[in-house]
Amino acid sequence: MLVIGAGGAGMRAAIEASAAGAHVDVVCKSLLGKAHTVMAEGGIAAALGNVDPEDSWQAHFQDTMRGGQLINNWRMAELHARESPDRVYELETYGAIFDRTPDGRILQRAFGAHTYRRLCHVGDRTGLEMIRSLQDRIVQLGIEVHMEVTLTRLLKDGDRVVGAFGYNRIDGRFVAFRSKAVIIATGGWGRIYKVTSNSWEGTGDGVAMGFDAGAEVLDPEMVQFHPTGMVWPPGVRGILVTEAVRGEGGYLTNREGKRFMLEYDPKKKELSSRDVVARAIYKEVEAGRGTEHGGANLDVRHLGAEKIKKKLPSMYEQFLKLADIDITKDPMEIAPTIHYAMGGLRVEAETGATTLAGLYAAGEAAAGLHGANRLGGNSLSDLLVFGRRAGAAAGAYVREVGLGKIDERQVAGEQQILLLPLSADGRENTYLLQQQLQQAMQDGAGLAREEKSLKSCLDRILELRQRSARVHVPGSRKYNPGWHTARDLRFMLTIAEAIVRAAIERRESRGAHWRLDYLEKDPALGRVNFVAYNEGGHVKLKTRPVPEMPPELAKLFAETGPTSTASPPPAASPPKAQQVRR
Ligand SMILES: Cc1cc2nc3c(=O)[nH]c(=O)nc-3n(C[C@H](O)[C@H](O)[C@H](O)COP(=O)(O)OP(=O)(O)OC[C@H]3O[C@@H](n4cnc5c(N)ncnc54)[C@H](O)[C@@H]3O)c2cc1C
């Protein structure tokens, strides 16, 4: 079996499949132990009830569904809430050591829109501990990991996925895998935008590969803007400032020193859901109350230097090293940054099976759990719960099927796509096109969107797609980042088109999708998910009904009132954005 991706989802899937007796190969673009999972800071959400004994899987389920504005797959949210505690305890058996309560249990911290203190953490370096433990397990089990290999095409035998093809990043050699099943665990696509917390690896490869092969992409329009990314100096713009800063008691203030979240969400304040806080910052800036570089201040000075250095050591170092700011003495300047893709491959809740036989997906590359907005901490638990499930299901599948046939024409077709930029006498520069795409997405499909901006963004994407066929990259296949970028660009253009087409059609505001020309929710659109699919190489769109919750779960929402996490804007001078109406 082949697992593409060695973040938390890929590694957890590989462990489970290997335990089920499958021979597993894991492939990753960078080195084992890197990926976005290692960058995770704040924690893993799981209703252990160690700090707040009232917590329960039902409360976690409700928070997740409310955060997702009820377009989530309820079954995924249920499995996630029920199984996260076991997955966290299991991680301890792999060697993870979490921060502790005075009586020795796993300590849990508050996070945005979680009703109870629920995030198991290791200071602000939780992802490092998680990846270290999973990596140790992978090594113990003798699972083979192929590092610095980029896969670019799924290979099919009829309708079934039977392998994948790509290249070795170091010497450019082509690589092919023949396998009974493939699990996509390639993470998200933040790099499609200009300002992002994601690393160079986040170009949406796995989802685009699945799309090219005929799998469906669910909720592409739902792109999360984390409220707090660094803004200054320009070279660090977008780098994440973890929500743990607010979880530990940090305040957001505007240029006038006012704690504005008291007005936007008087109950949850800074710990409102990410979509609400990101919009609040945007509105403050639009209303002329932003900080010097177009953001807000995030202040922890009142917590005291000792607590800051103990609970937020990475943030202390990050600001000192990158911005020359001592956060025990000065506030951090922050602004929203593109952070997470709620959209991804459409999968079955129980198994992670996509709509293509032999193809599974887990982690950020899969969609459904988070709906219109992910709650902080729910990704790391997602990786463990659904990585395990995809690994188990794919492990069972490979026991039932034989190896498929590799179609040499598919391999030759992909080789041709890969080699074109080296041989073509085109004039287009791949880096320039990538930058233009990132700028177009930032401007047209960003935090605040409207029909006009989205349509001109779509035109730009289609134009860039044409120009991308004329890219020329100097040099050879030997470690050549320009050549790698040329292939990434094709993935990015596909995903960008899916995002924008779905964003145009969702004529309402819901969760992370904020339409300035449709400020309200449309109840009819609350009953559907948008799905992008491949028809003859073109991105097409359809809707699917949101899966209906069984009465015993639906009751949880009826009992506790409305589902909206949004809050009204402050009364003071209405921001420009709000004056644009339908
Ligand atoms: C700075 C930061 C802080 C975060 N903090 C938190 C937090 O505190 N709590 C939380 O729940 N979430 C957090 N998140 C989100 C969370 O870390 C990610 O959503 C999650 O780690 C994604 O895991 P994954 O396994 O799906 O993918 P990733 O960890 O992104 O791994 C993807 C893997 O796929 C490989 N890959 C990609 N494309 C290819 C290809 N074409 N061929 C071969 N291999 C490929 C990559 O090399 C990599 O190994 C944070 C994210 C960031 C960026």
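**Close-up 1. Left-handed crossing of α13 and α15 in the predicted model.** In this predicted model, the crossing of helix α13 with helix α15 is left-handed. By class, the contact between these two helices comprises 9 nonpolar and 4 polar residues, with no charged residues. Helix α13 spans residues 430-444 and helix α15 spans residues 481-505, and the two pack with their axes 9 Å apart at an angle of about 25°. Because angles under 35 degrees count as roughly parallel, α13 and α15 are described as roughly parallel to each other. On the α13 side the contact is made by T430, Y431, L433, Q434, L437 and M441, which meet G482, T485, A486, L489, M492, L493 and A496 of α15.

**Close-up 2. Packing of α5 against α15.** Helix α15 also packs with helix α5 (residues 205-213), here at an angle of about 75° and with the axes 9 Å apart. An angle of that value makes α5 roughly perpendicular to α15, since the range for this class is 65 to 115 degrees. From α5, the residues D205, V207, A208 and F211 take part in the contact, and from α15 the residues F491, T494 and I495. Sorted by class, this contact of α5 with α15 has 5 nonpolar residues, 1 polar residue and 1 charged residue.

Close-up 3. T203 lies in the loop between β10 (182-184) and α5. With 29 C-beta neighbours inside 10 Å, T203 counts as buried, the threshold for that class being 20 or more. When neighbours within four places in sequence are left aside, T203 is in contact with W189, R191, D488, F491 and M492. F491 is also one of the α15 residues in the contact with α5, and M492 is among the α15 residues that meet α13. M76, by contrast, is 127 residues from T203 in sequence and 25 Å from T203 in space, C-alpha to C-alpha.

**Close-up 4. Crossing of α3 and α11.** The axes of helix α3 (residues 74-93) and helix α11 (residues 378-400) come within 8 Å and cross at roughly 95°, which makes α3 roughly perpendicular to α11. Residues L79, H80, E83, S84, R87 and L91 of α3 and residues S381, D382, L384, V385 and R388 of α11 make the contact. By class, 4 nonpolar, 3 polar and 4 charged residues contribute to the contact of α3 with α11.

Close-up 5. I406 is found in the loop between α11 and α12 (408-423). With 17 C-beta neighbours inside 10 Å, I406 counts as partly exposed. Its contacts, leaving aside neighbours within four places in sequence, are with L155, V162, G163, A176, R178 and V411.

**Close-up 6. The buried residues of α10.** Helix α10 covers residues 313-323, and M315, Y316, Q318 and F319 within this helix are buried. These four residues cover an arc of only 165° around the axis, which puts them on the same side of α10. The elements that cover the buried residues of α10 include α6 (244-247), α9 (305-311) and β15 (332-341). Just after α10, D324 takes a positive phi of about 55°.

Close-up 7. W232 and P233 are joined by a cis peptide bond, for which omega is about 0°. P233 lies in the loop between β12 (223-230) and α6, and α6 is itself among the elements that cover the buried residues of α10.

**Close-up 8. Two alanines with positive phi.** A35, although not a glycine, has a positive phi of about 70°, and this residue is found in the loop between β2 (25-27) and β3 (44-45). With 28 C-beta neighbours inside 10 Å, A35 counts as buried. A113 likewise has a positive phi without being a glycine, with a value of about 65°, and A113 is found in the loop between β4 (108-109) and β5 (119-120). With 23 C-beta neighbours inside 10 Å, A113 also counts as buried.

Notes
Residues numbered from 1 in each chain as written. Predicted model: local features only at pLDDT ≥ 70, side-chain atom pairs only at ≥ 80, totals over all residues. Axes fitted to C-alpha atoms, helices over the stretch in contact; angles between N-to-C directions. Parallel < 35°, antiparallel > 145°, perpendicular 65-115°, else oblique. Left-handed = near helix turned anticlockwise from the far one by under 90°. Contact = placed C-beta atoms within 7 Å. Nonpolar A, V, L, I, M, F, W, Y, C, P; charged D, E, K, R; others polar. Buried ≥ 20, exposed ≤ 12 C-beta atoms within 10 Å, placed from the backbone. Arc of directions from axis to C-beta.
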